[in-house]
Amino acid sequence: MSKSDPINLAVVVPFFNEGPGAAAFLDRLRDALAVVERSGAVAPGWRVICVNDGSGDDTLAVLLQARRLEPRIAVIDLSRNFGKEYALTAGLDHADADAVVVMDGDGQHPPEMMGAMIAAWQEGNDVVYMVREARDVRGLHRLLRHLFYRLFSLASRTKLPAEAGDFRLMDRHVIAAIRQLPERTRFLKGIYSWVGFRQTGLVYREDARMRGQSHWRLSRLIGFAMDAFTAFSTLPLRIWSWIGAAVAGLSLLYGAWRVVRAIFWGIDVPGFETIVVSITFLGGMQLLSLGVLGSYIGRIFEEVKARPLYIVRRCYGLSEDLPQAANE
Ligand code: UDP
Ligand code: MG
C-alpha cells in the first residue's frame with residue numbers, strides 16, 4: 001500500500017471525569033474525521049478508541065451514548081483510575097491501524113490538525129509530534145518545567161523535544177515498538193523518544209479546556225517528574241561515586257594539613273567545629289545517597305512484581321478476544 005492511499009486511522013483518547021465536555025469533544029472530533037475522510041486521506045473505517053480511566057462521574061454513559069450514535073467510536077472501560085499514561089497504553093494496545101493519533105479528551109488538542117498530521121506522515125515520517133505554541137502557565141510551573149528539561153537533557157541520553165506532549169500521530173511500527181517496552185513506571189514522553197524512528201514536529205495552538213479543570217496539581221507533577229527522571233537516567237545513582245571521591249580526597253588533604261600543622265606549630269586541642277561539621281555533613285550525604293538508592297530499589301520492586309499496566313473492565317466495540325490485561 002502506498003502512503004497516499006486512504007489510511008486506516010485510529011484515534012486514542014483518554015477520559016477521566018470529563019463528563020461535561022466529552023460529548024462536545026467527540027462531536028468536534030467526528031466532524032474533523034469527516035473532513036479528512038472526505039478529502040480521501042482517511043479510509044471510512046476509522047476508529048475512535050475512548051479509554052474511560054475509572055471516571056467517577058457519568059463519563060462512561062456519555063461515551064456509550066456517543067457510541068450508539070456513531071458505531072466507529074469504541075470504548076475501553078478500565079477497572080479504576082490508573083492515570084493518563086496507563087489509559088493511553090490501554091488505548092494503544094487495542095489500536096490496530098496504519099497510523100494512530102493520540103489526543104486529550106478535554107478539547108485542548110485541536111482535532112482539526114489531523115489533516116496536517118497525516119500529510120506529514122505521508123511525507124515519510126513515522127512520528128508527527130505536536131509542539132505547543134505558547135503556554136499560559138504560572139511562573140513557578142514554568143520555572144520547574146524548564147529546570148526539569150534542563151536536568152533531564154543533562155542526565156539522560158534520551159532527548160525530549162520541549163513542549164511536545166502526548167498529542168501526536170504514530171505509525172503502526174512505532175506502536176509495535178512501544179508495546180515491547182513493558183516498564184511499569186511509564187513516562188510515555190521518554191518512551192516515545194526512546195523508540196526512535198523518523199520524527200518530526202508540527203506547531204499547534206493549544207485551546208483552553210472546554211470544561212472542568214486540569215487533573216495535574218503541582219505535587220502530582222513533581223512526582224511524575226521524579227519518576228520520569230529515574231526512569232531514563234542513572235545519573236543520581238552514579239554521581240555519588242564522584243561526590244564520595246571528592247569528599248575523601250578533601251578529607252585526606254585536610255588530614256595531611258593537620259599533621260603538618262601539629263609538627264610545626266604543636267597540637268591545639270580545640271577542633272570541635274570541624275568534627276561536628278564533618279560528621280553532620282557526611283551524615284547528611286549518606287542519608288541523601290541512601291534515599292536515592294531507595295528510590296531506584298523501589299522502582300526495581302515495582303518492576304519485578306510484573307503487574308499488568310491496567311485492567312480492563314469491559315470493551316465496547318473492540319473484538320472481545322483481545323487481551324484483557326496488558327501483559328498476557
Ligand atoms: N486523564 C486520564 N487519567 C487521569 C488524568 C487525566 O485519562 O488520571 C486524561 C484527561 O481526561 C484528559 C487528558 O488525560 O483527556 C489530559 O488531562 P488534563 O487535561 O487533566 O491534563 P493537562 O491538559 O492539564 O496536562
Ligand atoms: Mg488538559
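How many of the 31 residues of H9 are buried? The count is zero, so H9 is hardly covered; buried here takes 20 or more other C-beta atoms (placed from the backbone) within 10 Å of a residue's own, exposed 12 or fewer, and partly exposed anything in between. This is a predicted model, where local features need pLDDT of at least 70, side-chain atom pairs count only at pLDDT 80 or more, and totals for chains, interfaces and linings use all residues. Residues are numbered from 1 along each chain as its sequence is written, with chains lettered from A and ligands numbered from 1 in the order written.

**Helix H9**
- Helices (H or I, at least four residues) and strands (E, at least two) are DSSP runs, numbered from the N terminus.

**Core**
- The largest nonpolar core has 65 residues, and Val 11, Val 12, Ile 49 and Val 100 have the most contacts inside it.
- Such a core is a set of buried Ala, Val, Leu, Ile, Met, Phe, Trp, Tyr and Cys residues joined through C-beta atoms within 7 Å.

- Asn 17, in the loop between S1 and helix H1 (19–38), has a phi of about 50 degrees and counts as buried because it has 20 C-beta neighbours inside 10 Å.
- Phe 197, in the loop between helix H7 (188–194) and strand S7 (199–204), has a phi of about 70 degrees and is partly exposed, with 14 other C-beta atoms within 10 Å.
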